[in-house]
Amino acid sequence: MKIQNVNDASFRKYGKIIRNVDCTQLIAEMEKTPAPEDAVIYVPSVPELEALPVFSDMRDRVYGGMPVQIGYCNGANNKLNALEYHRDSEINVACTDLILLIGSEQDMDPETFVYDTANVEAFLVPAGTMIEVYATTLHYAPCSVNGGVFRCVVVLPRGTNQPLAVVPEKDREDALLFAVNKWLVAHPESGLEKDGAFMGMTGENITL
């Protein structure tokens, strides 16, 4: 699979680079977070990260005053497995080089919500880069570069990815609702069926 770069024009339909927020302290604090070599861990909200001065920038400038949370997704990964979307943009800060496998919500079948992985594209996010991933961009856990571990800051509206208080009947798009503000479509090879994920991916479970 061709690996593009988020600095390329081809990334513009999926998101943009944010250059006016200083993430130096945030990236330094992320060095203290665990990054397993054989798994991926996601923590939605980390008090130590949210105590940094950059938190107010994320809340007041990047999200225009909305309540936000700062967490992380760290570890090692080389497979697509699933894709998710939210009703808003997600902010990622690459603390190491990492690769995002992404697609467009518009490419999901509007009736069945099935998604063909042939539409997925890969983008390198260089260390130190902060990006906005648009609400209509399908995304999931980053992939490692050269077999290493990755560290990625994840900023979202507060409460996102927490357990659902109300679980609707699994009908049409509601079948994809996996957590608060999280709609997920998974590949049959992902192992996520046991967790109640919607098995809506066709094609290859892309491996880098």
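Reader: Which residues of helix 3 are buried?

Author: This is a predicted model, in which local features need pLDDT of at least 70, side-chain atom pairs count only at pLDDT 80 or more, and totals for chains, interfaces and linings use all residues. Residues are numbered from 1 along each chain as its sequence is written, and side-chain values use heavy atoms, with hydrogens and water left out. Helix 3 spans residues 54–62, where helices are DSSP runs of H or I with at least four residues and strands are runs of E with at least two, numbered from the N terminus. Taking buried as under 20% relative accessible area, exposed as over 50% and partly exposed as in between (1.4 Å probe, protein chains only), the buried residues in this helix are Val54, Phe55 and Met58.

Reader: Is Asn92 buried or exposed?

Author: Asn92 belongs to strand 6, residues 90–94, and strand 6 is among the elements that cover the buried residues of helix 3, with contact meaning heavy atoms within 4.5 Å. Because its relative accessibility is 6%, Asn92 counts as buried.

Reader: Is Met1 buried or exposed?

Author: Met1 is located in the segment that precedes strand 1 (3–5). Since its relative accessibility is 52%, Met1 counts as exposed.
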